[in-house]
Amino acid sequence: MIGNSTTVPTRREFLQRIALVLGAGTLATQVPWLPPLLAQPPGDSPADRVRIGIIGPGSRGGYLMRLLLATPGIEVAALCDDYAPNLERAASLCAPGTRRHSDYRELLASREIDGVVIATPLHEHAPMTLAALSAGKHVFVEKSLAYTIEECDAIGRAAKASGLVFQVGHQRLYSRRYLRAHALLARGELGPIRQFRGHWHRNGDWRRRVPKPELERKINWRLYRRYSAGLSTELGSHHFQLANWLSGTTPLSCVGYGSINHWKDGREVEDNMAVVFRYPNGVQLLWDSLISNAHHGCEFKVMCPKGYIETESGRVFLETPPPAPGLVQLVNGIEKGLFETISIGGPSWVPDLAKDTEGSLLDENWREVDAESKLQLAAFGNAIRQGKPIPGMIEHAVHAGVASLMAQFAMEENREVFWPKNLCV
Amino acid sequence: MKDLVIPARRIRCELRWLAGSLAAACVINAYAIVRFSRPWSELLTQAHRVLALALGLWLLSAVLRAGLATVRSLVSRRRAS
């Protein structure tokens, strides 16, 4: 959603925000995609300015554009959309004179553009990204990477060969609570990862208002298989990326089911799905999504023998909580001895109910919703200014993109889908 | 309204009992640390609980001493009569 106003933070505010993320332990040295954030902040010179073109400044693209307008050293220099209302609305928020295009190839031909942000329907990601890289433009492309596995691989290869900055919209890579979860797991404090469990539940038809019937597929492209892979790519890709990142590997195979059991309104993609990914060492990712009940919301859990993490809510729960102070234990013991009743008979087993513990927060300041998206765009701008690709981004993009499509194919073809061989990364 | 006068002797006495209670709470905390194999840093980190325990012990001693004084007073009155 495009806001009506943008606030450009001062350089000091911006640096403070970055310091907050990098302050999470020694993350900057351990996580290869963070160092671009440590770059010298841009000055006021035009040479320090990175000129970005937005391809698809609609809903998500408009949101990214608003964040870019508030990022020091970045100029939104051109807009491209073949849907005029989106283009007009976006242009009204940019500086007067910002170039407008209805064909992305015109935008890519412009020498005034250093890089592009691509936030278009899924089926357009690959042709646009490949064309942008071929035109020598740095690319930030929204997740999920592409519509087919072959396209994911082709983008990965082109990005590697180009030496240009390439980034994908997996903003959790810049989230302090995810970085802390990653560090906690890397230190082995919870033991090895034994299972991932994720879900993304909403209650809504996922439709946007259509002014004319002929625009149905253009505006509600997410609902049609020709343009989208539905819940797998639109929601699942975030959690599949997390599983790959936190496990440090990729899945071996995937099985799953899905159906349209609630929103029977002519859509072609599933409104519910459940998949199981098989990872090395017997680890699984159990993931499901539905858009007919929002009670459980969105969560991604990492289960380990000594504890588990709820990454979305940013909490860690230890299996054996740290013992209470000695004085408390002594008083509790005396109290128990005095007042506890001794049962003569009773159940021979205790029900395995969920533990009702609050856990502890991974990060106290995580409620700033936009923080991670702002930082990934700042990293994109800094990397372009430095002229160095951001390490790890191609791998995250390709691996998450491929995993999302595996989940979709497993459902559609009712078979176990194996990790493709000979991928570029 | 009548002024209440607490003699200096009584204040000194109660301060001694309070100090004794505090010392006893510290000893109990040290015992608990050894008994439950907790770090010695709890001598400082649990200071708030030690203080609460000390006040509790002092109040308990006050109640016991008040009871004892009442019994003594009753016995001495009976002897006098």
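Visitor: At what angle do α7(A) and helix α13 of chain A pack?

Guide: Happy to start there, and please keep in mind that this is a predicted model. Helix α13 spans residues 393–413 of chain A, and its axis lies 9 Å from the axis of α7(A). The angle at which the two pack is about 175 degrees.

Visitor: Are α7(A) and α13(A) roughly parallel or roughly antiparallel?

Guide: The packing angle of these helices is about 175 degrees. Angles over 145 degrees count as roughly antiparallel. The relation of α7(A) to α13(A) is therefore roughly antiparallel.

Visitor: How many nonpolar residues are in the contact of α7(A) with α13(A)?

Guide: On the α7(A) side we find Ile149(A), Cys152(A), Gly156(A), Ala159(A) and Lys160(A). They meet Ile394(A), Val398(A), Gly401(A), Val402(A), Leu405(A) and Phe409(A) of α13(A). Besides two polar residues and one charged residue, the contact has a nonpolar count of eight.

Visitor: Which residues of α12(A) does α3(A) meet?

Guide: Let's look at α3 (residues 59–69) and α12 (residues 371–386), both of chain A, whose axes come within 10 Å. From α3(A), the contact takes in Arg60(A), Tyr63(A), Leu64(A), Leu67(A) and Leu68(A). By class, the residues of this contact are five nonpolar, one polar and two charged. The partners in α12(A) are Ser373(A), Lys374(A) and Leu377(A).

Visitor: How are α3(A) and α12(A) oriented to each other?

Guide: The axes cross at roughly 70 degrees, and the crossing is right-handed. Angles of 65 to 115 degrees count as roughly perpendicular. The orientation of α3(A) and α12(A) is therefore roughly perpendicular.

Visitor: Which residues of α1(B) meet α11(A)?

Guide: Here a helix of chain A packs on one of chain B: α11 (residues 326–339) of chain A and α1 (residues 8–35) of chain B have axes 8 Å apart, at about 95 degrees. That angle makes α11(A) roughly perpendicular to α1(B). The contact divides into five nonpolar, two polar and no charged residues. Gly326(A), Leu327(A) and Leu330(A) meet, in α1(B), the residues Ile28(B), Asn29(B), Tyr31(B) and Ala32(B).

Visitor: How much area do domain 1 and domain 2 of chain A bury between them?

Guide: Domain 1 covers 11–174 + 369–392, and domain 2 covers 176–321 + 354–367 + 401–418. Their centres are 24 Å apart, taken over C-alpha atoms, and 29 residues of domain 1 are in contact with 34 residues of domain 2. With 62% of it on carbon and sulfur atoms, the area buried between them is about 2,700 Å².

Visitor: Is the peptide bond from Lys143(A) to Ser144(A) cis or trans?

Guide: Most peptide bonds are trans. Ser144(A) sits in the loop between β5 (138–141) and α7 (149–162) of chain A. With omega near -10 degrees, the bond from Lys143(A) to Ser144(A) is cis.

Visitor: What is the phi of Asn422(A)?

Guide: Most residues other than glycine have a negative phi. Asn422(A), found in the segment after β15 (417–418) of chain A, is not a glycine, yet its phi is positive, at about 65 degrees.

Definitions and conventions
Residues are numbered from 1 along each chain as its sequence is written. Chains are lettered from A and ligands numbered from 1 in the order in which they are written. This is a predicted model: local features need pLDDT of at least 70, side-chain atom pairs count only at pLDDT 80 or more; totals for chains, interfaces and linings use all residues. Side-chain values use heavy atoms; hydrogens and water are left out. Axes are lines fitted to C-alpha atoms, for helices over the stretch in contact, and angles run from 0 to 180 degrees between N-to-C directions. Helices (H or I, at least four residues) and strands (E, at least two) are DSSP runs, numbered from the N terminus. Angles under 35 degrees count as roughly parallel, over 145 as roughly antiparallel, 65 to 115 as roughly perpendicular and the rest as oblique. A crossing is left-handed if the near helix is turned anticlockwise from the far one by less than a right angle, and right-handed if clockwise. Contact means heavy atoms within 4.5 Å. Ala, Val, Leu, Ile, Met, Phe, Trp, Tyr, Cys and Pro count as nonpolar, Asp, Glu, Lys and Arg as charged, and the others, Gly among them, as polar. Domain bounds come from an automatic or database domain assignment. Buried area is the accessible area (1.4 Å probe) that two parts lose on being put together, summed over both.
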